[in-house]
Amino acid sequence: MTSMNKSPYLTNVWYVAALSTEVGTEELFSRTLLDTSVLIYRTEDGTAVAMQDRCPHRFVPLSMGRREGDNIVCAYHGLKFNCEGKCNHNPHGNNRIPAAAQVRSYPIIEKYGFIWIWMGEKTADPSLLPDFSPLVEGHPNSVGYTYMPRECHYELITDNVMDLSHIDHLHGDIITTRGQLSPKVPQIREGERSLSARWEWVQKPAMLIFNQYLSKPDDEADHFFDITWTPPANIQLSVGANQDKGALDLDHTVGQYDLHTSTPGSQNYTHYFFATRRNHIEDDAEYNEMKIKAMHEAFVAEDGPVLDAVHKEMGTSDLFSLNPVLLTSDAAPVKVRRLLKEMVKAEQENL
Amino acid sequence: MTSMNKSPYLTNVWYVAALSTEVGTEELFSRTLLDTSVLIYRTEDGTAVAMQDRCPHRFVPLSMGRREGDNIVCAYHGLKFNCEGKCNHNPHGNNRIPAAAQVRSYPIIEKYGFIWIWMGEKTADPSLLPDFSPLVEGHPNSVGYTYMPRECHYELITDNVMDLSHIDHLHGDIITTRGQLSPKVPQIREGERSLSARWEWVQKPAMLIFNQYLSKPDDEADHFFDITWTPPANIQLSVGANQDKGALDLDHTVGQYDLHTSTPGSQNYTHYFFATRRNHIEDDAEYNEMKIKAMHEAFVAEDGPVLDAVHKEMGTSDLFSLNPVLLTSDAAPVKVRRLLKEMVKAEQENL
Amino acid sequence: MTSMNKSPYLTNVWYVAALSTEVGTEELFSRTLLDTSVLIYRTEDGTAVAMQDRCPHRFVPLSMGRREGDNIVCAYHGLKFNCEGKCNHNPHGNNRIPAAAQVRSYPIIEKYGFIWIWMGEKTADPSLLPDFSPLVEGHPNSVGYTYMPRECHYELITDNVMDLSHIDHLHGDIITTRGQLSPKVPQIREGERSLSARWEWVQKPAMLIFNQYLSKPDDEADHFFDITWTPPANIQLSVGANQDKGALDLDHTVGQYDLHTSTPGSQNYTHYFFATRRNHIEDDAEYNEMKIKAMHEAFVAEDGPVLDAVHKEMGTSDLFSLNPVLLTSDAAPVKVRRLLKEMVKAEQENL
């Protein structure tokens, strides 16, 4: 196996490699993750498998080859590999298969609508995949997914979501808090491998994505945001509004349960994935499609260009080396950066 | 303030940041100067101001934000800065403004049709801006300006103008000296912070840009070029012709007063600015427009590709490291390169 | 002359600079070879000459200039150079020509339809140009040439041709050996400055590029491949088939005599040249054109993308540093890599 001693990434964790819908039953899907070309495909029973997208003989991307049942045949010299990356046919000479003819394969868990990959040296630990089950417990027409590649470092996306104070400034009318959010300092909860932030506020009318599903659309409403980061770059975000002084959670508000998660392609580009599930209008396929499209477009038009410009202007992924002026609203993203840095350091020292 | 200890540029001087006409009254104009993103805009009274195009909080280009009177509001989290770069509003938490929330601002002088910027650490010294007043003392229709970005090092543009012996070889019929210029070794005058070169010659007919404004268009005429470099990269060029043995200056010839000036964007691209004022046909707007357009096009079609190709072929900005074969005609540009190098060295040692 | 002490290339050898047909009688042809810009043109008597494409004065590519008889006039300041790169006119000052005003010129041999260049420090040795005379000894309509630039290291092209076991896997039906080639371990012959490999096999029907020119197109036939590498990157390939138990050589088979040769532009791109001569259908111009076009397209569509992808995936030109899993079929290309490496090392040590 390739040693990854010097990886700048946390590796003994689950990253999203792709949306489940991105990998069909026929294709050989290739994506660069953590500076490594990865081949993903589905065996005939539909199971997603992943291996390094590189033949160990002459380094051709295996995704340029072809499938033969659950095996992959390299395009260049016809070496064949099974779905665990083990060479099982060498058409050359006396057909002996060199012991080293093994492609590094990666553990996969397909869950919550995503294909999760483990690229670290340690044995894959399924218990390290956080629980995002609410995403898939509702009606299929209440949930949407999207993929948004960006030319920025993945931690800038984490910063973006961990500091929701930006929404009144960067985004349009549809999700404005009418100036209520910025003055609030979020409550922060530190977990063993997580960091959460929570805002509560009152605004009138309620956020425009929710107000028409409340009984008094024009009146004031109580709102909450609750976000939880888990490593390496998952942020689960819940948001909702009610007008009956009920508990501020998704059982008692009109709201939605989102997952923002990003996977570095390299230090300079990021695969950003987003999923959202509503607890209202759960059976309207057309609305559902419109909703995920609108969220995709808001990110692509509003956050995306700012994050790419920041990446370019910074010229480094080390935020602190540039002595940023930090605000109270930076508490959560700064804590996450420090936690992640410690985790990467600990992983490197344990190698 | 950011330290610029290692700048490869002379910094305690005035560079052209933009033509006056490039910066309108509404827009947030951004340009990279000396490897630094700079925001330029006009306050409501029309005064041009400049600051680093980077919010000190999360490093978003301020030019992505919006104006609020004379202030700039950052696109990402709504920090507001006055026209001196001082943060005057923080919408977050208790609204306290961190003392460090200050964008580096740059002194500006708007003069001679250009916006000049001072990016050095020393206090800006207006007396270091050379006098180019003849540019703006004539009729508005006798003067033209243009901006020509290039993919080459700025010193290659200085070399180009400091050695006018190239014009018979690189340029077309309209400014040929009919072989008269190349044999002449220019007279060189060294000033305290300047270097001048002067050529005088006779040709028949006179340069085609002038001959029809002389009394005997087909006869021979006396000509002169007089150029003066001042740091960092200004070259004032006067050229004219007469047929009456009068003095060879702009009061006694049909001629023009030009300014070539360039500002490095980086070591690999340059903002090249050009201005020209005639002492003839001073009131013909259509001719004036045609004239500046023709000069722009000659540079873009003739000098520009050669300079870009030289930059690429050299692979370094250090001309002397490549052991060029120098000719007598290189005396002026070589002296300028040495003067500039000494000035940069002196500036770095005084830091 | 420029020292090339640190060249990563073998330099005291003949490289193909261009196809003879690429350099016309009027043009100034420029191509980057071994990281150096080279100007190639033909003197009025048709002789190809080559020199560095860089004026020694201000480093303008001489190919931007113009011809004056057999001389080249630089576009920028009019220095004139003869076809050996010696400056023979300086229009400036007193016209004195600096002794150093000499462009490095390169020995050229035009032979076998190619313009061969010698870029090393040692005196050019014509005896080091291998004999490829069969290419040009037949009817003009039996031979074709093509040029195929690629974004890969040139040794990957050598590897490709030295291990012909790839053809059943990468290429289409037209040149398949129907699985017969891969099991064969080629016979290897080592020469003083060459390495050869030979395969012999039986297939039915014969290769589809030959079978219709055999007496029994549907029957089995004996086949051979014989390839010889000579430094730096020439591979002469002979291939043929017969059905009469005759000798397996080009005098006794329906076959063709090919030359694959590549010249590094840099470590990241390669000029790949190919020539082929048939010993059948020698007088059909239309067939000849179709044939070279088909071979060009097969390479561009089949080998080319794989080689470029390998180059990108490897991220280095040092194959062995990546610990490739080697197969019996790699014997010939691996030997060639080692021979070439030794030759480069020997050349560097002798400097």
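# Interfaces and a buried threonine in a predicted model

Guide: About 2100 Å² is buried between chain C and chain A, and carbon and sulfur atoms account for 61% of it. Buried area is the accessible area (1.4 Å probe) that two parts lose on being put together, summed over both. In chain C, the residues that lose the most area to chain A are Glu313(C), Val325(C) and Leu327(C), together 32% of what that side buries.

Visitor: What should I know about the model and its numbering?

Guide: This is a predicted model, in which local features need pLDDT of at least 70 and side-chain atom pairs count only at pLDDT 80 or more, while totals for chains, interfaces and linings use all residues. Residues are numbered from 1 along each chain as its sequence is written, chains are lettered from A and ligands numbered from 1 in the order in which they are written, and side-chain values use heavy atoms, with hydrogens and water left out.

Visitor: How many residues of chain C and chain A are in contact?

Guide: Contact means heavy atoms within 4.5 Å. By that rule 31 residues of chain C touch 23 residues of chain A.

Visitor: How many salt bridges are there between chain C and chain A?

Guide: A salt bridge needs a side-chain nitrogen of Lys or Arg within 4 Å of a carboxyl oxygen of Asp or Glu. Chain C and chain A have three salt bridges between them. Asp330(C) and Arg58(A) form a salt bridge through their side chains, at 2.9 Å from N to O.

Visitor: How many residue pairs are in polar contact there?

Guide: A polar contact is a pair of N or O atoms within 3.5 Å; within protein, one must be able to donate a hydrogen and the other to accept it, and residues adjacent in sequence count only if both atoms are side-chain atoms. For chain C and chain A the rule gives 12 such residue pairs, both residues at pLDDT 80 or more.

Visitor: Which elements give two or more residues to the side of chain C that touches chain A?

Guide: Helices (H or I, at least four residues) and strands (E, at least two) are DSSP runs, numbered from the N terminus. Here the elements are helix 1 (154–162), helix 2 (167–170), helix 3 (285–314) and helix 4 (331–349) of chain C. Helix 3 of chain C gives the most, with seven residues. By class, that side of chain C has 18 nonpolar, eight polar and five charged residues. The classes are nonpolar for Ala, Val, Leu, Ile, Met, Phe, Trp, Tyr, Cys and Pro, charged for Asp, Glu, Lys and Arg, and polar for the others, Gly among them.

Visitor: How many residues of helix 1 of chain C are buried?

Guide: Buried means under 20% relative accessible area, exposed over 50%, and partly exposed in between (1.4 Å probe, protein chains only). In helix 1 of chain C, nine of the nine residues are buried, so the helix is largely enclosed by the rest of the structure. Among them are Tyr154(C), Glu155(C), Asp159(C) and Met162(C).

Visitor: Why does Thr146(C) count as buried?

Guide: Thr146(C) counts as buried because its relative accessibility is 10%. Thr146(C) belongs to strand 12 (residues 143–150) of chain C. Apart from neighbours within four places in sequence, Thr146(C) is in contact with Leu19(C), Tyr272(C), Phe273(C), Phe274(C), Ile292(C) and His296(C). Phe273(C) is 127 residues from Thr146(C) along the chain, yet their C-alpha atoms are separated by 5.9 Å. With His296(C), Thr146(C) makes a side-chain polar contact of 2.6 Å.

Visitor: How large is the area buried between chain B and chain A?

Guide: It is about 2100 Å², with 61% from carbon and sulfur atoms. Arg58(B), Phe59(B) and Tyr76(B) supply 35% of the area that chain B buries against chain A, more than any other three residues. This contact takes 23 residues from chain B and 31 residues from chain A. Chain B and chain A have three salt bridges between them, and a salt bridge joins the side chains of Asp330(A) and Arg58(B) at 3.0 Å, N to O.

Visitor: Into which domains is chain A divided?

Guide: Chain A has domain 1 (14–127) and domain 2 (130–350), with bounds from an automatic or database domain assignment. Their C-alpha centres lie 32 Å apart. Between these domains of chain A about 1500 Å² is buried, 67% of it from carbon and sulfur atoms. Tyr15(A), Tyr112(A) and Phe114(A) lose the most area on the domain 1 side, together 38% of what that side buries.
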